[in-house]
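Welcome to my notebook. I went through this structure one piece at a time and jotted down what I looked up.

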Amino acid sequence: MIYLVISSLFLFLVGYFRKDLQKFILILLFIHLFLFYKIKDIFSEFSYISIIIFFSSILYAFEKRIKREEEFYPLMLLLLSSIIGILESKDIIYSFIYFEMMCLLSYILVAFEERRECLEAAFKYACFGILGSYLMIWGISYYFVGNLELFSLFFLIGLSVEMAIFPLSLWLPDAHSEARTSVSSVLSGVVISAAMIFFYKFYKLSYFYTGNLPIIFAVLGTLLPSILSVNERDPKKILANSSMINMGTSFLLLFLDPLTFFYYTIFHSISKSLSFLSLGPIIERFGRDVRRIKEGMMFSSISLAISILSLMGFPPFIGFFAKISSLIEISKESLLTSFIVLLSMTIFLYPYIRMLERLFIWDGRNWEKFSLRNISQIFLLIFLIFFSIRGVEICMSG
Amino acid sequence: MIELLLLPIFTSFLSLMDGKKAGKISVMGAFVILASFFFLKDGYLQYGILVDEITKVFYIILSSISLLVFVYSLKYIRKNLRRYWFFMNLFLLSMLLLILSTNLLIIMISWELLSLCSWALISHNFRNPETRRKARRVFMVTSISDIFFLLSIFIIIAYSGNFDIYKIDGKTFEEISKNIPIFPILLSLGILGKSAQFPFYFWLLDAMAGPSTVSALLHSSTMVKAGAYLSMRILSLFELSSFSRTLLIFGTISCVLSLILSIFERRIKRFLAYSTIANLGLIFMAVGSKRIDLALLHSLSHSFFKSSLFLLYPFFFEKDVFKAGIPRNISTIILLSIFLSFVGIPPFLSYFTESSIIKEFLPFSYPLSFLLHFYSMRFSLSVFSRKGRSVKMDERAIVIYTLGVLNLLLTFIPLLKGFKVHPDIFLIPIAFLLSYKLYWKKKRPSFEKILDRFSFDIKEIAPSFPKIRLSLKKIVLIILLMLFLMNFQNYFVLIALIILMVVML
């Protein structure tokens with residue numbers, strides 16, 4: 001990822017002089033990553049998925065001219081490099097440095113559009129994030145001093161911000177919904193999952209004070225967003241709220257079964273990114289109200305419908321297998337927890353179904369021209385289908 | 001066997017490409033599936049496929065009714081063809097997966113797909129906001145009941161470590177019942193939810209917002225019987241007395257409650273929905289007392305007469321029971337075979353199954369038997385007393401004729417099985433005379449009109465309450481029902497209650 005950091009700095013320079021050349025170099029870089037990035041373990045597998053999601057998001061962004069795009073693409077590349085750094089690094093300090101880099105870049109990218117709502121969301125995100133980072137630094141310092149209990153306590157609370165665990169996840173709905181579509185896709189799909197994997201890598205370092213409190217917060221974090229989202233009309237906020245529920249479930253799985261945890265994280269990343277990328281063109285045409293969505297955007301509607309069905313946990317998509325395998329693991333530990341998680345997933349079906357009923361309309365009309373955005377959607381769809389097939393194997397083995 | 005499952009996948013994707021030809025392709029596919037019945041081999045086959053008596057009965061119900069409904073839909077469904085045929089074929093696939101497989105993962109897949117198909121087909125007229133709202137409500141209620149179903153499945157998988165119920169040891173369930181006492185209730189609620197039984201029965205009323213073909217296939221014959229099928233499958237493999245007892249209790253409550261409520265229902269489709277709930281309650285009563293043979297026979301008989309009624313509904317051209325009339329140019333014999341099967345008159349199979357179920361399981365079955373005959377005669381006599389319009393003799397009429405003939409053919413089953421007439425047969429003429437007096441050529445009985453005057457809106461008394469419309473007649477009926485259930489053993493009190501209810505009527 002050092003070379004990625006250098007590449008992004010190089011892209012900054014190129015971008016000021018030749019924007020088309022910048023895009024061309026970016027594509028070449030991604031092709032190089034696809035061909036030569038080695039998958040050694042589960043962390044590098046998730047890094048590869050992050051590369052796929054970033055590529056799709058950047059391809060999506062190519063479609064429309066962005067203000068200061070010469071800065072946008074290098075920032076995205078830097079964000080990718082920081083995420084790969086977190087996933088590949090085996091040292092807590094280096095991981096923390098990449099983590100801080102990731103957080104900082106996330107704040108900047110949320111605020112990139114410079115609209116009032118974006119700036120407010122970025123400010124809220126930054127306030128929560130900085131608080132979390134301070135707690136993590138304290139925790140890490142306790143680790144080096146040898147006080148593992150306090151390390152685990154501060155590390156967990158600090159990282160809960162970025163992992164979007166209730167009640168420190170209140171920044172998420174605004175940040176993920178107000179950012180531009182390609183940024184939302186990456187934030188929801190990769191950034192919060194990377195934070196979760198960061199926690200997974202190091203929580204076993206010590207005796208970890210877990211008790212029941214984190215589990216209680218994770219469970220509440222699935223139930224409360226689902227209840228509060230029932231009447232939500234903004235489709236981007238619906239998707240953002242669902243990230244909180246998915247992260248709560250991921251957090252529970254983290255303590256139970258690594259294979260199921262990673263599969264669930266992969267499901268969330270791919271499905272959520274695809275849903276944001278599919279929603280983007282629809283919102284541009286009809287606005288940010290579920291009731292205003294109509295027919296006529298065939299490609300984006302189909303892709304959004306598939307991603308929503310996956311997020312709802314319907315077969316034959318990856319979401320179904322992820323849901324089943326995760327709930328089997330949770331129910332082995334506690335039936336009550338499993339019931340609450342399933343209840344919150346079920347309550348959240350209501351806002352999804354309100355979006356879905358607008359999409360299952362095929363009467364021949366299509367105003368959408370096939371474009372780069374649809375190619376980015378198809379790209380992610382292929383991976384969604386691939387992982388859906390893998391889901392059968394994981395379910396049967398679990 | 002796998003080719004059978006590939007066929008609906010193939011036809012559903014073809015439907016997406018060409019909506020106009022989708023209907024004919026789907027009909028051909030359904031015909032092939034029906035014809036494959038003769039090639040089904042008994043026994044436990046590879047990939048977790050089990051073929052036995054239960055499978056065969058449900059297979060014949062599913063394939064024959066699907067074929068008939070698909071043919072009917074060729075002329076009935078004019079808009080949104082791609083969406084309609086796609087989900088109909090997907091539904092067919094889901095039901096085939098459910099009835100052929102013993103693998104719990106496949107069962108969960110089919111269970112989820114059934115909810116999705118039901119929602120999509122109910123909201124066929126998606127431009128109507130009321131239809132969309134009702135479809136959403138149906139989806140949410142079935143999803144909430146699915147919580148209990150999925151939890152039970154997870155418990156079974158966690159304890160047995162096996163996805164195939166055919167290979168699970170019976171001792172696993174004993175261990176589960178010992179460690180998790182609420183397991184039978186969880187499993188029952190999950191199964192009863194899909195089959196529109198108490199306490200989840202009300203979703204079926206909202207489901208009537210969908211087209212009649214959807215009501216005929218999904219919400220009377222096949223999807224609502226998914227729960228009944230699964231309970232029969234589980235009880236055929238394992239000895240679970242608390243589970244069967246729970247089904248018996250809830251089935252009885254659903255049956256009695258829906259029969260009473262149906263007596264006051266004027267809208268035909270909602271009336272038929274209540275009737276479906278009642279008949280499913282009977283099926284669960286049979287399953288709950290381990291008379292799976294009776295449950296299967298009643299499922300068969302109910303599927304045919306109920307789907308006939310739903311497919312006949314568009315020919316009434318009226319929504320009100322007291323305004324609808326029989327189509328002029330459809331053979332009276334055909335119509336009689338459908339309505340008599342619905343009412344439950346010997347020699348029709350429904351009489352024997354209903355009487356046998358009630359007789360087996362209730363010491364004093366006469367009140368329930370009377371109710372069963374009375375509620376169906378109310379509708380049948382009201383409709384038969386009027387002549388409706390003439391209808392076009394197209395594919396829809398052919399389907400009605402076919403169903404009429406099938407209802408007639410089912411009368412051979414009691415002969416073959418050696419069923420006997422029960423003593424409660426004397427209640428049939430009583431119910432007939434009472435219904436004739438009250439409903440033959442009448443616009444509406446005056447007592448129903450009087451009771452309506454006492455309706456009130458609970459929001460006037462308690463504005464913060466959710467909107468519930470309660471009428472005096474519903475309150476009185478609920479009290480009578482409670483008394484009825486409390487005094488099961490007391491013959492004289494039961495008779496007194498029946499007289500009181502008749503007086504109220």
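A word I need first: helices here are DSSP runs of H or I with at least four residues, numbered from the N terminus. With that settled, I noted that M285(B) lies in helix 13 of chain B. I also kept in mind that this is a predicted model.

**Entry: chain B as a whole**

I began with the overall make-up of chain B. Its secondary structure comes to 24 helices and four strands. I then looked up burial, and buried residues make up 63% of the 505 residues in chain B. Last, I checked how far along the sequence the contacts reach. Among contacts in chain B between residues at least 6 apart in sequence, 79% join residues at least 24 apart.

I went back to M285(B) and asked myself: is M285(B) buried or exposed? Its relative accessible area is 1%, and the cut-off for buried is under 20%, so M285(B) is buried.

A278(B) has a relative accessible area of 0% and is buried. Which residues is A278(B) in contact with, leaving aside its neighbours within four places in sequence? I found C255(B), S258(B) and L259(B). I compared positions with G251(B) too: A278(B) and G251(B) are 27 residues apart in sequence, with 8.2 Å from C-alpha to C-alpha.

**Entry: helices 2 and 4 of chain B**

Now for some packing. Two packed helices are described by the angle between their axes and the distance between the axes. I looked up helix 2 (residues 19-35) and helix 4 (residues 81-100) of chain B, and their axes come within 8 Å and cross at roughly 20°. Angles under 35 degrees count as roughly parallel, and helix 2 of chain B and helix 4 of chain B are therefore roughly parallel to each other. The crossing of helix 2 of chain B past helix 4 of chain B is left-handed.

I listed who makes this contact. From helix 2 of chain B come G19(B), K20(B), A22(B), G23(B), S26(B) and I33(B), and from helix 4 of chain B come L81(B), R82(B), W85(B), N89(B), L92(B) and L96(B). I sorted the residues of this contact between helix 2 and helix 4 of chain B by kind: six are nonpolar, four polar and two charged.

**Entry: helices 4 and 5 of chain A**

I moved to chain A and looked up helix 4 (residues 69-88) and helix 5 (residues 92-110). At what angle do the axes of helix 4 and helix 5 of chain A cross? They cross at roughly 150° and come within 8 Å. Helix 4 of chain A and helix 5 of chain A are therefore roughly antiparallel to each other. Helix 4 of chain A passes helix 5 of chain A in a left-handed crossing.

The residues of this contact between helix 4 and helix 5 of chain A divide into 14 nonpolar, five polar and no charged. On the helix 4 side of chain A I noted F72(A), L75(A) and M76(A) among them, and on the helix 5 side of chain A, residues including Y98(A), F99(A) and M101(A).

**Entry: the largest nonpolar core**

F99(A) came up again when I looked at the largest nonpolar core, which has 329 residues. The members that touch the most other members are F30(A), F99(A), F155(A), L356(A), W203(B), M232(B) and F379(B). I followed up L356(A): leaving aside its neighbours within four places in sequence, L356(A) is in contact with A305(A), I308(A), L309(A), M312(A) and W119(B).

**Entry: backbone details in the loops**

I finished with the backbone. A cis peptide bond joins P315(A) and P316(A), with omega about 5°. P316(A) lies in the loop between helix 13 (298-312) and helix 14 (318-333) of chain A. In chain B, a cis peptide bond joins F198(B) and P199(B), where omega is about 0°. I found P199(B) in the loop between helix 8 (183-194) and helix 9 (203-207) of chain B.

Two phi values also went into my notes. A164(A), not a glycine, has a positive phi near 60°. A164(A) sits in the loop between helix 7 (148-163) and helix 8 (172-178) of chain A, and at 2% relative accessibility it counts as buried. K290(B), also not a glycine, has a positive phi near 60°. K290(B) lies in the loop between helix 13 and helix 14 (292-312) of chain B, and at 39% relative accessibility K290(B) counts as partly exposed.

Methods: Residues numbered from 1 in each chain as written. Chains lettered and ligands numbered in written order. Predicted model: local features only at pLDDT ≥ 70, side-chain atom pairs only at ≥ 80, totals over all residues. Heavy atoms only, no water. Axes fitted to C-alpha atoms, helices over the stretch in contact; angles between N-to-C directions. Parallel < 35°, antiparallel > 145°, perpendicular 65-115°, else oblique. Left-handed = near helix turned anticlockwise from the far one by under 90°. Contact = heavy atoms within 4.5 Å. Nonpolar A, V, L, I, M, F, W, Y, C, P; charged D, E, K, R; others polar. Core = buried A, V, L, I, M, F, W, Y, C linked by side-chain atoms within 4.5 Å. Buried < 20%, exposed > 50% of the residue type's maximum accessible area, 1.4 Å probe, protein only.
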